[in-house]
Amino acid sequence: MKKINLIGSTGSIGIQTLDVIRSHPEKFKLEALSFGRNFEEGIQQIEEFKPALISVSSDDIAGKVKKEMTYTAPVLYGQEGLVEAAVYGDADLLVNAVMGRIGLEPTLKAIEAGKNIAIANKETLVTAGHIVTEMSRKHGVKLIPVDSEHSAIDQCLHGDSEKEVSKLILTASGGSFRDLSRKELENVTVKDALKHPNWNMGAKITIDSATMMNKGLEVIEAKWLFNMPYEKIDVLLHKESIIHSMVEYIDGSILAHLGTPDMRVPIQYALSEPDRLDLKGGDRLKLWEVGALHFEKMDYDRFRCLKMAFEAGRAGGTAPAVLNAANEVAVSLFLEGKISFLEIETFVEKALDSHTPISNPSLEEVLSADKAARSSVLTYLN
Ligand SMILES: NC(=O)c1ccc[n+]([C@@H]2O[C@H](COP(=O)([O-])OP(=O)(O)OC[C@H]3O[C@@H](n4cnc5c(N)ncnc54)[C@H](OP(=O)(O)O)[C@@H]3O)[C@@H](O)[C@H]2O)c1
């Protein structure tokens with residue numbers, strides 16, 4: 001029985017993680033659960049799974065939860081509560097499914113507490129990949145990818161030596177606007193941006209997919225997870241999202257991981273690896289129905305956010321933290337209707353241009369660069 005702490009339980013990944021736990025009660029037990037403000041979803045989860053510790057984003061939500069729940073367990077709140085939920089008890093695994101940079105601290109504390117991390121929260125590795133990977137080595141804990149692309153690569157690699165790998169090939173669906181020209185992108189709406197052609201995900205990552213920043217964050221995440229230089233990471237446009245990613249070896253062989261676009265598959269594998277479990281209620285891939293798979297070379301001038309992510313990754317130090325922080329704020333501004341779609345990349349570019357990266361930064365330096373980037377993006381509004 002694997003004991004699990006889950007943070008971000010009411011989000012797209014969180015709900016699907018609970019679905020996996022629900023389908024295998026003999027294998028997994030939920031110990032601690034954390035969510036933000038979605039009380040209706042959260043209270044149902046609490047009543048069903050009866051976790052021994054709960055944390056929410058604020059005092060008022062904590063009060064509502066305490067009033068409504070039918071058993072006794074501590075209900076914490078705020079960043080402190082989020083961290084407590086991450087490190088709680090003798091859980092074997094933390095599933096980090098919160099959105100954004102707030103996921104970094106719980107990851108670091110859970111590593112210190114000796115817990116393996118199933119990492120969906122990509123902003124953690126983008127912001128402080130050097131610190132997270134170094135700490136996980138020091139404490140002997142595993143960083144297990146949840147993102148479908150990294151899970152695919154992890155499964156293809158299957159422990160193969162880095163020296164035998166010539167390239168990691170991340171596939172990208174291209175997001176909601178993949179068939180639009182840059183001219184056509186000038187007037188797109190939030191509603192259109194939220195319609196992903198293949199995946200049903202949270203709002204921020206859906207916008208990141210449309211700008212291709214999501215793939216950029218994944219490139220940086222891949223560098224840290226698989227210890228690969230950027231020269232050996234490639235992105236390929238593959239609209240069907242059937243091949244989740246590939247590994248090319250020095251002899252020219254390419255191993256690919258295929259499946260339906262169902263996030264429960266990589267989530268379940270992250271929980272059960274190295275074993276595989278039956279996926280209850282999942283569609284099987286019927287290649288005869290798919291018929292043909294298509295691939296296109298990535299156009300880095302069309303998808304500028306991806307180009308910026310490679311540049312920030314190569315610059316290293318605090319640059320990826322600035323890329324991520326500026327993007328988080330710009331995407332929120334877009335979702336609030338305050339800036340246009342194309343201004344997301346303009347704002348991120350401005351933040352990167354005005355930042356001089358610090359190499360091999362401490363955690364404090366990373367957090368300070370993150371904070372400064374968030375403030376500077378807000379000034380671009382005026
Ligand atoms: N969705 C996918 O298919 C997918 C695929 C690969 C990777 N990822 C990555 O996984 C992460 C989560 O994505 P998602 O799409 O699941 O996001 P999401 O649907 O927006 O969910 C985010 C979760 O974080 C919680 N949260 C937000 N602020 C919080 C706070 N201050 N304290 C505690 N909890 C807080 C939210 O709670 P409330 O909703 O209750 O406020 C929600 O449970 C992201 O880093 C994303 O890039 C997602």
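## The seven-stranded sheet

Let's start with an open sheet of seven strands, all in parallel pairing, laid out in the order β4-β3-β2-β1-β5-β6-β7. At its edges sit β4 (75-77) and β7 (143-145), each of which pairs on one side only. Going from one strand to the next, the twist averages 25°. Keep in mind throughout that this is a predicted model.

Within that sheet, β1 (residues 2-7) and β5 (residues 93-96) run parallel and are joined by four bridges. If you want a spot to look at, find Leu6, which stands opposite Val95 in β5.

## The five-stranded sheet

There is also an open sheet built from five strands, and here the pairing is mixed. The order reads β11-β10-β8-β9-β12.

The pairing of β11 with β10 (residues 243-249) is antiparallel and runs over five bridges. Ser245 is part of this pairing, and its bridge partner in β11 is His257.

Now for the helices against these strands. Helix α7 (residues 148-157) lies across β8 (165-172), β10 and β11, and it runs at about 40° to β10. Helix α10 (residues 213-226) packs on the sheet too, where it touches β8 and β9 (233-237). The direction of α10 makes about 150° with that of β8.

## Two nonpolar cores

The largest nonpolar core has 82 residues, and the members that touch the most others are Leu323 and Phe341. Helix α14 (residues 319-335) gives this core its largest share, at 11 residues.

What does Leu323 contact once its neighbours within four places in sequence are left aside? The list is Met213, Leu217, Ile220, Met308, Ala309, Ala312, Val348 and Leu352. Apart from this core lies another one, of 37 residues, and its members include Leu18, Ala120, Ile144 and Ile267.

## Asp299 and its loop

Asp299 belongs to the loop that runs between β12 (296-297) and α13 (304-315). Is Asp299 buried, partly exposed or exposed? Its relative accessible area is 39%, which makes Asp299 partly exposed.

The side chain of Asp299 is worth a look for what sits beside it. One of its polar atoms lies 3.0 Å from the backbone nitrogen of Asp301. The backbone nitrogen of Arg302 is likewise 3.1 Å from a polar atom of the Asp299 side chain. Further along the chain, Ala315 is 16 residues from Asp299 in sequence, and the two C-alpha atoms are 21 Å apart.

## What UniProt annotates

The feature "domain: 1-deoxy-D-xylulose 5-phosphate reductoisomerase N-terminal" is placed by UniProt at residues 4-129. In the model, that span is 48% helix and 21% strand, and its end C-alpha atoms lie 23 Å apart.

UniProt's other annotation here, "domain: DXP reductoisomerase C-terminal", covers residues 258-375. This span is 58% helix and 3% strand, with its end C-alpha atoms 41 Å apart.

Definitions and conventions
Residues are numbered from 1 along each chain as its sequence is written. This is a predicted model: local features need pLDDT of at least 70, side-chain atom pairs count only at pLDDT 80 or more; totals for chains, interfaces and linings use all residues. Side-chain values use heavy atoms; hydrogens and water are left out. Helices (H or I, at least four residues) and strands (E, at least two) are DSSP runs, numbered from the N terminus. Buried means under 20% relative accessible area, exposed over 50%, partly exposed in between (1.4 Å probe, protein chains only). A polar contact is a pair of N or O atoms within 3.5 Å; within protein, one must be able to donate a hydrogen and the other to accept it, and residues adjacent in sequence count only if both atoms are side-chain atoms. Two strands pair if DSSP finds at least two bridges between them. Axes are lines fitted to C-alpha atoms, for helices over the stretch in contact, and angles run from 0 to 180 degrees between N-to-C directions. A nonpolar core is a set of buried Ala, Val, Leu, Ile, Met, Phe, Trp, Tyr and Cys residues joined through side-chain atoms within 4.5 Å. Contact means heavy atoms within 4.5 Å. UniProt positions are given in the numbering used here, feature names are shortened, and annotations may be inferred rather than shown by experiment.
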